[in-house]
Amino acid sequence: MSQQEQQPIIRFDRISKKYDDGTKVLNDVSFSIERGKFYTLLGPSGCGKTTILRLIAGFTEPSQGNVVFQGKVINGVPAHERKVNTVFQDYALFPHLNVFENVAFGLRVKKWKKSDIDAKVKEALRFVNLSGYENREISDMSGGQRQRVAIARAIVNEPEVLLLDEPLSALDLKLRTEMQYELRELQRRLGITFIFVTHDQEEALALSDEIFVLNQGVIQQSGTPVDIYDEPINRFVADFIGESNIVPGTMIEDGLVRFAGKTFECVDHGFLPNESVEIVIRPEDLEITTSELGNLQVKVDSQLFRGVHYEISCNDNAGNEWLVHSTRKATVGDNIGLRFDPEAIHVMRFNETEEDFDRRLEAYGGAEAGAAQ
Ligand SMILES: Nc1ncnc2c1ncn2[C@@H]1O[C@H](COP(=O)(O)OP(=O)(O)O)[C@@H](O)[C@H]1O
Ligand SMILES: [Mg+2]
């Protein structure tokens, strides 16, 4: 690989963004995007996801910091000179043009030869499974098909990076799932970098090589879907990604934690002695059993059948509520036990940032602690 191919394709170097009306959106955001991977920016509405895409695309400029593309600062470079294309939330197709002309538009502006345009548009439409739809009007296309036209229109320019701003949010659930498979497959075939924006955590987990979890203009955590799901670093991430039981506790010493009035073995370390912490246990990591066999004794408060599993809500004596996903049914009002492994317990420091988290692990023992955490 050439040097250019090894370095990050995009880097945000300490970017802050304040809009003209004074709205502060991003606060000292840094990250690196590697070539050829599927990235997702995940966070609640208003957290700054679209702003990040607009900064990459060149539709707005940072107030502080640099946008770096293949090692070069590109602040001020106009949008059309960046090797980036965007698929917008509302697709922004031209309603008066047919499918072919929508996809061809950018190439016509660039004054490509007619025969080259023909070949390129056909290839792009083939990529999104729309061969044969060239002459259709946009108004005669379904939501999913419009989505594909928007993608074809973006990839026809051969961008190095494709930005997708909540492209599936307008589709119904079934179509959305189908399009998720298609997008993932398309990214593999094209081999270019995708930066996908969503507020839907399941979508992010299903699609991404890497996820950036954002809240209020700050990256809370970045990592693979499995990292982020299994090892959320703070309450926001644990709560936003999947369902969690989060209860207060005390880290007595490495490998020993106290919560719900009992002491448990765990695999976490790197805390102060008797530090107050938050404990996360995922509902699917709790198993229902008899009171005697349980690590925790609880009373069943309510139960819902969710198709794949029962969702059972229980209370312990210490005032914590525990949500359990179980294929076995419980009985409301019964006293039962909850069983879980030491590995199911995940200990978090209060409001820890990703930087603090990394620093703590490094201080504790570097890579070894990181791997065990
Ligand atoms: N052009 C703008 N001028 C002023 N405020 C803006 C502008 N665009 C977005 N905002 C504000 O910036 C914040 C982040 O917006 P945005 O990046 O669109 O978030 P998201 O895509 O995560 O929903 C919101 O509070 C939004 O109202
Ligand atoms: Mg947005």
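Guide: A residue is called buried if 20 or more other C-beta atoms lie within 10 Å of its own. Please keep in mind that this is a predicted model.

Visitor: Which residues are buried in helix α3?

Guide: In α3, which covers residues 99-109, the buried residues are Val99, Phe100, Asn102, Val103, Ala104 and Leu107.

Visitor: Against which helices do the buried residues of α3 pack?

Guide: Their packing partners are α4 (114-127) and α5.

Visitor: How should I read a sheet? What is the order of the strands in the open sheet of six?

Guide: Two strands pair if at least two bridges are found between them. In the six-stranded open sheet, the order is β6-β7-β8-β3-β9-β10, and the pairing is mixed. Strands β6 (84-87) and β10 (218-223) form the edges, each pairing on one side only. On average, neighbouring strands of this sheet are turned by 20° against each other, direction ignored.

Visitor: Which helix packs on this sheet, touching β6 and β7?

Guide: That is helix α5, residues 143-155. The direction of α5 makes about 170° with that of β6.

Visitor: How many bridges join β9 and β10, and in which sense do they pair?

Guide: Strand β9, residues 210-215, pairs with β10 in the antiparallel sense over five bridges. To see this pairing at the level of residues, find Ile211, which stands opposite Gly223 in β10.

Visitor: What is the pairing in the open sheet of five strands?

Guide: The pairing there is antiparallel, with the order β13-β12-β11-β14-β20. Its edge strands, β13 (262-265) and β20 (346-348), each pair on one side only. Strand β12, residues 256-259, runs antiparallel to β13 and is joined to it by four bridges. Within this pair, Val257 has Phe264 of β13 as its bridge partner.

Visitor: Which residues surround ligand 1?

Guide: A shell is read by its members, their classes and the elements they come from. Around ligand 1 are Tyr19, Asp21, Thr23, Val25, Gly43, Ser45, Gly46, Cys47, Gly48, Lys49, Thr50 and Thr51. By class, three are nonpolar, seven polar and two charged. Helix α2 (residues 49-57) supplies the largest share of the shell, three residues.

Visitor: What does the UniProt record list for residues 10-241?

Guide: The unreviewed UniProt entry lists "domain: ABC transporter" for residues 10-241. Over that range, the chain is 36% helix and 25% strand, and the end C-alpha atoms are 25 Å apart.

Note on methods:
Residues are numbered from 1 along each chain as its sequence is written. Chains are lettered from A and ligands numbered from 1 in the order in which they are written. This is a predicted model: local features need pLDDT of at least 70, side-chain atom pairs count only at pLDDT 80 or more; totals for chains, interfaces and linings use all residues. A residue is near a molecule or strand if its C-beta atom, placed from the backbone, lies within 6 Å of it. Helices (H or I, at least four residues) and strands (E, at least two) are DSSP runs, numbered from the N terminus. Ala, Val, Leu, Ile, Met, Phe, Trp, Tyr, Cys and Pro count as nonpolar, Asp, Glu, Lys and Arg as charged, and the others, Gly among them, as polar. UniProt positions are given in the numbering used here, feature names are shortened, and annotations may be inferred rather than shown by experiment. Axes are lines fitted to C-alpha atoms, for helices over the stretch in contact, and angles run from 0 to 180 degrees between N-to-C directions. Two residues are in contact if their C-beta atoms, placed from the backbone, lie within 7 Å. A residue is buried if 20 or more other C-beta atoms lie within 10 Å of its own, exposed if 12 or fewer, and partly exposed in between; C-beta atoms are placed from the backbone.
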